[in-house]
Amino acid sequence: MNKKGFTLVELLAVLVILAILASVTTIAVIKIINNSRKELYEDQIKLIEKAADKWSVDNTDLIGKTTPYCLSMDTLLRSGHIKKDTLVDPRDESEIDGYVKITYDSEYNQYEFEYMDTCSTN
């Protein structure tokens with residue numbers, strides 16, 4: 001007897017295979033998206049540190065060589081060295097509201113810039 005079409009077992013097997021493929025690809029895509037968000041966050045932190053470097057050139061009289069200086073995101077915004085949309089964390093859409101700690105490295109005779117969530121001058 002010659003039947004045209006698929007049996008129920010064949011259709012179920014195809015559906016199971018498709019479900020497995022979909023779950024594997026979904027996991028891979030989610031991992032790629034999360035890695036991209038992390039990389040974008042790191043790039044934003046570098047951009048903030050570069051903006052702090054430019055700010056320090058304009059405000060050398062405020063920064064000392066013996067004690068660290070804590071530069072707030074609000075100060076960078078008000079001075080125009082950074083834009084508000086740069087301060088959105090791509091990982092969770094929250095606001096980046098930390099500080100850039102500016103310290104002087106006497107060995108290399110230059111300032112160093114490091115983003116921190118909180119800042120102390122110790």
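This is a predicted model: local features need pLDDT of at least 70, side-chain atom pairs count only at pLDDT 80 or more; totals for chains, interfaces and linings use all residues.
Residues are numbered from 1 along each chain as its sequence is written, and side-chain values use heavy atoms, with hydrogens and water left out.

- Helices (H or I, at least four residues) and strands (E, at least two) are DSSP runs, numbered from the N terminus.
- In soluble globular proteins, nonpolar side chains tend to be buried together.

- Where is Ile48 placed? Ile48 sits in helix 1.
- Ile48 counts as buried, at 0% relative accessibility.
- Buried means under 20% relative accessible area, exposed means over 50%, and partly exposed lies in between (1.4 Å probe, protein chains only).
- Leaving aside neighbours within four places in sequence, Ile48 is in contact with Met73, Leu76, Ile82, Thr86, Leu87, Ile96, Val100 and Tyr115.
- Contact means heavy atoms within 4.5 Å.
- Ile48 and His81 are 33 residues apart in sequence, and their C-alpha atoms are 8.8 Å apart in space.

- Three strands make an open sheet in the order 1-2-3, with antiparallel pairing.
- Strand 1 (69–72) and strand 3 (110–116) stand at the edges with a single partner strand each, so one side of each has no neighbour in the sheet.
- Neighbouring strands of this sheet are turned by 30° against each other on average, direction ignored.
- Axes are lines fitted to C-alpha atoms, for helices over the stretch in contact, and angles run from 0 to 180 degrees between N-to-C directions.
- Two strands pair if DSSP finds at least two bridges between them.
- Four bridges join strand 1 to strand 2 in the antiparallel sense.
- Strand 2 (residues 99–105) and strand 3 are also antiparallel, over seven bridges.
- Strand 2 and strand 3 form a hairpin with four residues between them.
- In the turn of this hairpin, Asn109 has a positive phi of about 55°.
- Which residues stand opposite Ile102? Tyr69 stands opposite Ile102 in strand 2, and Ile102 stands opposite Phe113 in strand 3.
- In a regular strand the side chains alternate between the two faces of the sheet.

**Helix 1 along its length**

- Helix 1 (residues 8–58) lies across strand 1, strand 2 and strand 3, running at about 140° to strand 3.
- Val14 is found in helix 1 and is partly exposed, at 46% relative accessibility.
- Val14 and Glu93 are 79 residues apart in sequence and 39 Å apart in space, C-alpha to C-alpha.
- Ala22 also belongs to helix 1 and is partly exposed, with a relative accessible area of 38%.
- Ala22 and Leu87 are 65 residues apart in sequence and 35 Å apart in space, C-alpha to C-alpha.

**Aromatic rings**

- How many aromatic pairs does a search of the whole structure find? The search finds two.
- Rings of Phe, Tyr and Trp (its six-membered ring) pair if their centres lie within 6.5 Å; planes under 30 degrees apart count as stacked, over 60 as edge-to-face and the rest as tilted.
- Trp55 and Tyr69 are stacked, at 5.5 Å centre to centre with 20° between the planes.
- Trp55 lies in helix 1 and Tyr69 in strand 1, so this pair ties together parts that are 14 residues apart in sequence.
- Trp55 is buried at 3% relative accessibility, whereas Tyr69 is partly exposed at 24%.
- Tyr104 and Tyr111 have ring centres 5.1 Å apart and planes at 65°, so this pair is edge-to-face.
- Tyr104 also stands opposite Tyr111 in strand 3.
- Tyr111 is partly exposed, with a relative accessible area of 24%.
- Arg91 lies over the face of Tyr41, at 3.6 Å from the ring centre.
- A charge sits over a ring if NZ of Lys or CZ of Arg is within 6 Å of the ring centre and within 35 degrees of the ring normal.
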